[in-house]
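Welcome! Let us take a friendly walk through one structure, starting with a single chain and ending where two chains meet.

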Amino acid sequence: MTTATETFFKSIQESTVPSYFGEGKTIRKTALQRLLEIGLPSNKSEEYRFTPITKTLEKKLVWETSTQASTLSSIEPFLIPGLDAHLIVLINGAFAKQFSNLDELESSVTVTTFAEANTQIKEKIVAQLGSLNKSDDAFSLLNTAFYQEGIFIHVPKNTVVAKPFLILHINDAQQKQVVSHTRLLVTVENGSAVSVIEKSDSIGAYPCFHTFTEEIVVGEDATFDYCKVQNDSGSIHQVSNTTLSQSNTSKVNTFTLTLNGQLIRNNLSIIIDGEHCESHFHGLYLVTGNTLVDNHTVVDHQKPNSFSNELYKGIMDENSKGVFNGKIYVRPHAQKTNAFQSNRNILMSESATINTKPQLEIWADDVKCSHGCTTGQLDEEALFYLQARGIPYDSAKAMLLYAFALDVVALIKNDTLKSYVDDLITERLHKNF
Amino acid sequence: MLSIKNLQAKIGEKQILNGIDLQVNAGEVHAIMGPNGSGKSTLASILAGREDYEVTTGDVQFNGKDLLELEPSDRAAEGIFLAFQYPVEIPGVSTINFMKTAVNKIRHYRGQGPLDAVAFLQLMKEKMKLVEIDQSLLSRSLNEGFSGGEKKRNEIFQMAMLEPKLAILDETDSGLDIDALKIVAHGVNSLRSKNNATIVVTHYQRLLDYIVPDFVHVLYKGKIVKSGTKELAKELEAKGYDWIKNEAALV
């Protein structure tokens, strides 16, 4: 730990618990104490073995949470073109009301910031906050201790929210560094369906560090579609901690797309606390330059008869690094579980790397589980085959990479989002055929 | 059309071709036969531009161009087509999209505009009939899960789509039953004209009953040791390759 970090820890030790709002004081305090005990992960930490985040951040910035207001006059460049969505915008960790738009939201659905929540909702927030995310991850604790703002979404029983939510996290580092921490709580009650897209961007040349922690409760027979787009044009460092829990016969689809950023760590945990659940979680990371992307996923089968399918694919070019860790737990009474995991990677350059590790812990005996990970270069034989039909090398390469990436995108239901994602992938792979 | 002079090539340290001379003119069908390991497939691969081989000496002219200097895709655009012995499976790329890209890349190379969707579909329908291939098969990922016969028919379908000047069929008969063989041969024969040429690389004479060659060459130890007409193929079928080996040993 550097002196700056030590000073920071000392200062938070001496100060009173930060209290941006009245709620959640206790959990902030507990998180802070735990953080002081364990400190930030060093390079010896197993969970961050290939991701030297503490060192990188210590070199680049100070830990104080940003309070500066943004001078952004438009969020147009960060939107998903043509996407009709309920818009929630957070800039430097603060809710930006002027850019958000919830006008067409179904009246039965509640969406509020933690700050603006009424007493009744605040009680719900306090009850739900930290109920799923019990992670001992230092950045999760940091987030709990210092989160600036939270968004609370509640979808009551048997309600289909027609339009997706688009949550934009913008970090404006044009004047100085940004450190921001945000929070999201979603409850999808029984029989309901909702789709959430989270997109993060940063602007400016100063360093940027953003943590966000999401806790999502998916009720019985409910459907939750979730898409994370990480295509930062700046040099963001980001740690996300997403925890979902599923009740009986619920369906969850998650898709995590990472294209840019300096250092991205996604912790995604799915707790299958119900029978006959279905969860698909897909990820695609197409990175270049010096980007490091680290996906740590956990799927925890706690009840019998559920199905989970995980598919993560990556293409690393130039000096980029990929890390994948996939844990599957099948608890003793979670019989008849079907759990599948696959992680496939292509390295495009000599200096690109991938570290991938499946971790299966199965206590039940009547289950079907499989996992596989592959790392390789482009198939030379396939490349030659395409060329032998008149397709020039670069196009042939792009065609194969695109085909490799394609099946991961299949989960996206929203056509506008799908074509947006498709365009991003096309652009990244220089697919010009 | 194609003129090969003293072509020598190796893979790693292993010399495979030891000086091939071959002249192929428009309108001709040449069969290249020979025992396993004689260099037949190597020759086909080198002509198409596979990089695994190093050409140490020799010259290959194709319609006045130095073929060995051209990228594989440019060779295809110049009119060379290799029907693969083992067509590659490519998940995620449908034959239709693949062919659309290939046709238009080649048109682009030749300074022609892309085919529109209607014209492409029309062309495809016409060529599909030729090799009795179903559109549902072409909508699927390229060769993925195709039977051996389907893969080979797909090769000939692609050949029909691209209308090459010189088609090289590398062991196209391997793994085909007699019905599939007839379909494939019918496709190849329908595409024959006085303006194009075909090189049939094969181990067995069987295919040559259906695709009748004008010339037959026997490749052994990386050299053409005997050339003749279709009668030579029959002789090989009757007598095997041993007499060729013996003859070659005497030289």
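Of the 251 residues in chain B, 42% are buried (20 or more other C-beta atoms, placed from the backbone, within 10 Å of a residue's own). This is a predicted model, where local features need pLDDT of at least 70, side-chain atom pairs count only at pLDDT 80 or more, and totals for chains, interfaces and linings use all residues. Residues are numbered from 1 along each chain as its sequence is written, while chains are lettered from A and ligands numbered from 1 in the order in which they are written.

Chain B contains 9 helices and 12 strands, which are DSSP runs numbered from the N terminus (helices: H or I, at least four residues; strands: E, at least two).

Now look at one open sheet of chain B, with 4 strands in the order β2-β1-β4-β5 and antiparallel pairing; strands pair if DSSP finds at least two bridges between them. β2 and β5 of chain B stand at the edges with a single partner strand each, so one side of each has no neighbour in the sheet. β1 and β4 of chain B pair over 7 bridges, and K5(B) has D59(B) in β4(B) as its bridge partner.

| Strand of chain B | Residues |
|---|---|
| β1(B) | residues 2-11 |
| β2(B) | residues 14-24 |
| β4(B) | residues 54-62 |
| β5(B) | residues 65-66 |

Finally, where do the chains meet? The contact (C-beta atoms, placed from the backbone, within 7 Å) takes 18 residues from chain A and 22 residues from chain B. On the side of chain A, α7(A) gives the largest share, 7 residues.

Methods
A residue is buried if 20 or more other C-beta atoms lie within 10 Å of its own, exposed if 12 or fewer, and partly exposed in between; C-beta atoms are placed from the backbone. Two residues are in contact if their C-beta atoms, placed from the backbone, lie within 7 Å.
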